[in-house]
Structure formats: C-alpha cells, structure tokens
Amino acid sequence: FILLPNGQMLVVNGGLNGTAGYSFQTLDVPTFDLMPFGMSLAAGPVGTPALYTPGAPSGQRWSNAGFDTSSIARLYHSSAILLPDGSVMIAGSNPSVDVNLTTVFPTTYKAEIWYPPYFSAPVRPVPSGMPNNISYGGPSFDVTIPASSYTGDANAAAANTTVMLMRPGFTTHAMNMNQRALQLNNTYTVNQDGSFVLH
C-alpha cells in the first residue's frame, strides 16, 4: 500500500499465487531442478495497480478500471514510493538469492512512474508559502493558492481544499510501515483577485 495525498491507497506489485520470497526447494518440491519458477516462490505477477478508497460504500472501495498493465514482473524485493509531485515510483524485483538475469523472473533494475487519476485534472495547484520545516506544536502558517490553480468558484474551491502532510517512508519486502498521511485543520480567506489563502 502507498498512501496518496487524496486519502486513497495504492496497491502495486506482488503475485497472484505463491508467497513472497525465494528458495532452492520447498516441502512439496524437494530439488531445485523441479522448481517451476527458478527460486521464486510466487508467480502470476500483478501488473495492474489498484486503488482503495476507504470512504467509498462497501463493495465499491476497490478499483483498477482504466489502468494500464505493466509487463514488468514485480515480485519479491520490489518497491514503490510516493514522489514529491504526487506520482509513485515503482521499481525492482529479485526473487533470487543473488542477481540472476536468466531465470523465469529475473533481477529487475527498471523503474516506472505511475500517475494517479488526479493527474488528469485540467489544472494542478501551484501553491506558495509552504514552510521548509514543520515541528510538532509549531507556529501556524499560510499557503496561497493562485486563481490559476483551480477552475470554478473561488469560495467553492477554497472550501474543497485540504492540506496534507505526507511522509513517504520506504518500501521493502512488501511493507511500508514508516509512511504517514496527516490532514491539517485549516481555514481560508478568499481574495479579490480569485486567489485564496489557507491558514
């Protein structure tokens, strides 16, 4: 799972069957020459990302409609991380004990960038005034959103804007326990020129 700044969660990588990891043998396959996927204990690489929307009605929380499918197998030792622009870098895969470029699911050095659906918005915000550092219990701050950063009514845009702090963490072995998403409380002031200030 990768936390996205709009409150959704992205799920990428993994296999449709088997388990994460690698081995020379299993309880069911006693010798390496009988292992069907080299050292990989998983198969059926999942190339299509999925979005989980926590607040959606039951039965409508998962979706991958309209998403492209990657042809790169992302199994054991693959990773993903949220980038500062809100896209997600997806990289790696090595379900072998060492580098192996000739096995069924080889060591992968390629990286991909996945763009969440919010990248299709007709305009993207260009805020200014974000502090370089924020401390727990620190002073309040203002962020200015210019009129060119939204469409429609200024009051509606300001009321519909949230301020998120994102800590991307680091993904390894299918886990990212260090990531955090924190929505800050805010008020706003709409200016005569159509810009607004988030407090």
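**Figure 1. Aspartate 193 in the loop between β13 and β14.** In this predicted model, aspartate 193 is placed in the loop that lies between β13 (188-190) and β14 (196-198). Aspartate 193 is exposed, because its relative accessible area is 57% and the word exposed applies over 50%. The view also includes aspartate 85, which stands 108 residues from aspartate 193 in sequence. In space, the C-alpha atoms of aspartate 193 and aspartate 85 are 26 Å apart.

**Figure 2. The open sheet of strands β7, β8 and β9.** Three strands make up this open sheet, in the order β7-β8-β9, and their pairing is antiparallel. The edges are held by β7 (78-82) and β9 (111-114); each has a single partner strand, so one side of each is left without a neighbour in the sheet. From one strand to the next, the twist averages 20 degrees. Strands of a sheet pair through backbone hydrogen bonds, in either a parallel or an antiparallel manner. Between β7 and strand β8 (residues 88-92), which run antiparallel, there are five bridges. Within this pairing, leucine 82 is found opposite valine 88 of β8.

**Figure 3. The salt bridge between glutamate 112 and arginine 74.** The count of salt bridges in the model is one. Glutamate 112 forms a salt bridge with arginine 74, and the closest N and O atoms of the two are 2.9 Å apart. This pair links distant parts of the chain, since glutamate 112 belongs to strand β9 and arginine 74 to the loop between β6 (62-63) and β7, 38 residues apart. How accessible is arginine 74, buried or exposed? Arginine 74 counts as buried because its relative accessibility is 2%, and buried means under 20%. Glutamate 112, with a relative accessible area of 24%, is partly exposed.

Figure 4. Serine 93 is located in the loop between β8 and β9. Although serine 93 is not a glycine, its phi is positive, at about 150 degrees. Serine 93 has a relative accessible area of 3% and is therefore buried. Asparagine 94 likewise has its place in the loop between β8 and β9. The relative accessibility of asparagine 94 is 14%, so this residue counts as buried. Which residues does asparagine 94 touch, not counting residues up to four places away in sequence? The contacts of asparagine 94 beyond that range are Tyr76, His77, Val99, Asn100 and Thr107.

**Figure 5. Histidine 77 in the loop between β6 and β7.** Histidine 77, one of the residues touched by asparagine 94, lies in the loop between β6 and β7. The phi angle of histidine 77 is near 70 degrees, which is a positive value in a residue other than glycine. Histidine 77 counts as partly exposed because its relative accessibility is 32%.

Figure 6. Threonine 103 is found in the loop between β8 and β9. With a relative accessible area of 18%, threonine 103 is buried, because the word applies under 20%. When residues up to four places away in sequence are not counted, threonine 103 touches Phe37, Gly38 and Ser96. Asparagine 6 is 97 residues from threonine 103 along the chain, and the C-alpha atoms of the two are separated by 39 Å.

**Figure 7. The open sheet of strands β1, β2, β5 and β6.** Four strands build this open sheet, in the order β1-β2-β5-β6, with antiparallel pairing. At the edges stand β1 (2-3) and β6, each with a single partner strand, so one side of each is left without a neighbour in the sheet. Two bridges pair strand β5 (residues 50-52) with β6 in the antiparallel sense. Leucine 51 is positioned opposite serine 63 of β6.

Figure 8. Phenylalanine 24 lies in the loop between β3 (15-22) and β4 (36-45). Because its relative accessible area is 48%, phenylalanine 24 is partly exposed.

Key
Residues numbered from 1 in each chain as written. Predicted model: local features only at pLDDT ≥ 70, side-chain atom pairs only at ≥ 80, totals over all residues. Heavy atoms only, no water. Buried < 20%, exposed > 50% of the residue type's maximum accessible area, 1.4 Å probe, protein only. Pairing = 2+ DSSP bridges. Axes fitted to C-alpha atoms, helices over the stretch in contact; angles between N-to-C directions. Contact = heavy atoms within 4.5 Å. Salt bridge = Lys/Arg side-chain N within 4 Å of Asp/Glu carboxyl O.
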